[in-house]
Every structure is written in structure tokens, then in C-alpha cells.
Amino acid sequence: MRPIPIYIMLVFLLFGCKNNSTGPEQSLAADRDVLVALYNATNGANWTNRTNWLSDSDLSTWHGITISNERAISLDLANNNMTGELPGTLGKLSDLKTLNLSDNQLHGPIPSELGNLTNLTDLYLSQNALSGSVPSELSNLSNLTGLYLDQNGLTGPLPQSLTNLTNLKEFIFQDTELCAPLNTAFQAWLQGIPFFAGDNCQ
């Protein structure tokens with residue numbers, strides 16, 4: 001049996017090193033970039049609590065962030081003096097299960113990219129100054145059990161596609177200009193949610 005030439009062995013080693021470099025560290029680095037973008041878009045320098053944000057410390061030590069399997073799975077920045085508009089890049093936190101940005105001063109639309117967070121179980125956007133309609137892309141959040149949109153400047157009928165959210169246990173949209181469509185399918189879905197609060201369309 002002829003020995004394997006040394007240059008072939010080097011090729012195997014090179015490709016092996018490349019494959020080993022694309023791991024959790026890159027995913028965590030990507031999550032960090034998204035969080036930095038959120039900080040910059042929402043006046044992070046004036047947050048009530050910004051402990052370790054933008055530092056080189058492990059992401060698990062940044063205020064409001066929970067890490068599991070080298071990914072961000074929870075982001076809780078409620079009541080933290082956030083201002084500005086939410087960046088669409090939040091939709092890249094693909095392992096996120098909880099997103100709590102309630103009780104801040106966020107304005108502008110709900111980014112349609114939040115519909116990419118298909119692992120999300122709880123979305124808290126209450127008590128802000130968000131405006132515009134609810135993006136139909138939120139209907140992609142099939143694991144969602146809690147959706148809280150109350151006390152915002154949101155307007156218009158809720159998207160019919162929200163009926164895809166068959167796991168919802170709580171849905172709050174009161175104290176907004178949002179309303180529930182009156183058609184039979186939507187009303188049947190809404191009445192099937194154990195707890196909901198909000199107005200029907202007139």
C-alpha cells in the first residue's frame with residue numbers, strides 16, 4: 001500500500017480546521033452583533049441598567065440576557081428607559097424564547113422581522129409608543145403562548161393570519177387602536193384563547 005502524500009494530508013488538516021471554526025462561537029458572536037445594534041438603536045447610553053453592555057464580558061453577564069447552548073434565549077429589558085425604534089436585526093436572534101421590551105418609550109412600527117423568531121414563546125411589547133399595524137409576519141410564531149401589545153399607539157384590524165397562533169394562552173391588545181375582525185373564523189380563534197383583552201372592530 002502506497003503512503004498518502006504529505007500534501008494530501010495537509011489538505012485534509014486544512015479543511016478540518018475550517019470546519020471546526022464554524023461553531024457556537026460564531027453564533028454567539030452574531031447574537032452579540034444584534035444586541036449591539038439594539039443598544040445603538042434605542043439610546044443604550046441612557047438605559048436605566050446597561051451593566052456590561054458593549055463590554056468584552058461574556059454575554060451571560062450583560063443585563064437582561066440569558067444564554068443557553070451558546071445562544072441568547074431570553075432578552076428582558078423591561079422598564080429600562082429604552083427609546084427609539086426597534087431594529088429589524090432583532091429577527092436574527094433565532095434561538096430567542098422570551099423577548100420582553102415592555103414599559104419603555106419605544107416608538108415606530110413593530111419590525112416584521114420579529115416573525116423570524118420562530119422559537120419565541122412570549123413577546124412583551126406593552127406600554128410603549130409603538131405605532132402602525134401589527135405585521136402579519138407575527139403569525140409565523142407558532143410556539144407563541146403569550147402576546148402582549150397593550151398600551152401602544154398601534155392601529156387597525158388585527159391580521160387574519162394570527163389565527164395560525166394555535167398555542168396562544170394570553171393575548172392582550174387593549175388600550176390601543178387595534179381591533180379584532182368580526183368574521184367567524186377570527187372570532188372563533190379569539191374566543192378559544194384562555195385569556196384575551198381588546199376590542200372588536202366596529
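Strand β3 is joined to strand β5 (residues 105-108) by three bridges, and the two strands run parallel. This pairing comes from a predicted model. The model contains an open sheet of five strands, to which β3 and β5 belong, and an open sheet of seven strands.

**The five-strand sheet**

- The strand order is β3-β5-β7-β9-β11, with parallel pairing.
- The edges are held by β3 (83-85) and β11 (177-179); each has a single partner strand, so one side of each is left without a neighbour in the sheet.
- From one strand to the next, the twist averages 25 degrees.
- Within the pairing of β3 and β5, threonine 83 has glutamine 105 in β5 as its bridge partner.

**The seven-strand sheet**

- The strands follow the order β1-β2-β4-β6-β8-β10-β12, and their pairing is mixed.
- At the edges stand β1 (65-68) and β12 (195-197); because each has a single partner strand, one side of each lacks a neighbour in the sheet.
- Neighbouring strands of this sheet are turned against each other by 15 degrees on average, with direction ignored.

**The β8 and β10 pairing**

- Strand β8 (residues 146-148) and strand β10 (residues 170-172) run parallel and are joined by three bridges.
- Glutamate 170 in β10 stands opposite glycine 146.

Conventions. Residues are numbered from 1 along each chain as its sequence is written. This is a predicted model: local features need pLDDT of at least 70, side-chain atom pairs count only at pLDDT 80 or more; totals for chains, interfaces and linings use all residues. Side-chain values use heavy atoms; hydrogens and water are left out. Two strands pair if DSSP finds at least two bridges between them. Helices (H or I, at least four residues) and strands (E, at least two) are DSSP runs, numbered from the N terminus. Axes are lines fitted to C-alpha atoms, for helices over the stretch in contact, and angles run from 0 to 180 degrees between N-to-C directions.
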